[in-house]
Amino acid sequence: MAIFIQLLYNLGILVAISIIAGFIGQRSDNNRNMAPLQGLFFGFAAVIGMLHPFVVAPGLIFDGRSIMISISGLFFGPVASAIAALMSMALRLYQGGTGAVTGASVIVMSAVIGTLFYLRNKQKNVDVTIRLLFVMGIIVHITMILLMFTLPGNQGLGTVKLIGLPVIIFYPIATIII
């Protein structure tokens, strides 16, 4: 139960920060001009979440960075997701530990998936719906769970058993809320 509470706390911080970014995004008709600023906001939100993570083991942490980075890519494109991802990756690699490479991989994949959804939506002139957000959230977080198998030693399976269910339940829902 503590896992659920800690993850909800982390996700709550991200929701609050993303509301500010959303207000700023609504003030501009041109997402391209706002992309760098939005990348900074979403990167800042991801970093704040990373500073208050759920710690599985020293250097093995979970937070909502994957949500923030994928959403920045979905709504504001490759520039925003790259900025948010670089900010997050710098902190994650600085934090180090056994999960640093896996965490960096999750950051990259979250940016790529969010950006791919952005490009698809732009090409097909598709609106962002709750269903689309949920599907993207599921894809991002299944990818995250699969990347846990890149952890050194036998940590991957144990980590998936511990964190897999809460991630699959809460993270796609948080993606919709944010």
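A residue counts as buried under 20% relative accessible area, as exposed over 50%, and as partly exposed in between (1.4 Å probe, protein chains only). The model is a predicted one, in which local features need pLDDT of at least 70 and side-chain atom pairs count only at pLDDT 80 or more, while totals for chains, interfaces and linings use all residues. Residues are numbered from 1 along each chain as its sequence is written, and side-chain values use heavy atoms, with hydrogens and water left out.

Rings of Phe, Tyr and Trp (its six-membered ring) are paired if their centres lie within 6.5 Å, and planes under 30 degrees apart are called stacked, over 60 edge-to-face and the rest tilted. Two such aromatic pairs turn up in the structure. In one of them, the ring centres of phenylalanine 42 and phenylalanine 76 sit 6.1 Å apart with the planes at 45°, so this pair is tilted. It ties together distant parts of the chain, 34 residues apart: phenylalanine 42 lies in helix α2 (residues 31-50) and phenylalanine 76 in helix α3. Phenylalanine 75 also forms a tilted pair with phenylalanine 76, at 6.4 Å centre to centre and 50° between the planes. Within it, phenylalanine 75 is partly exposed at 33% relative accessible area, whereas phenylalanine 76 has 12% and is buried.

Helices here are DSSP runs (H or I, at least four residues), numbered from the N terminus, and the expected span is 1.5 Å times one less than the number of residues. A straight helix of 31 residues would span 45 Å, yet α3 (residues 65-95) spans only 14 Å between its end C-alpha atoms. At glycine 77 the helix bends by about 150°, with proline 78 following within four residues; the bend is the angle between axes fitted to the seven residues ending there and the seven starting there. After α3 comes glycine 96, with a positive phi near 65°.

As for charges, the structure has one salt bridge, meaning a side-chain nitrogen of Lys or Arg within 4 Å of a carboxyl oxygen of Asp or Glu. The partners are aspartate 63 and arginine 65, with the closest N and O atoms 2.8 Å apart, and both residues are buried.

Conventions: Helix = DSSP H or I, 4+ residues; strand = E, 2+ residues; numbered from the N terminus.
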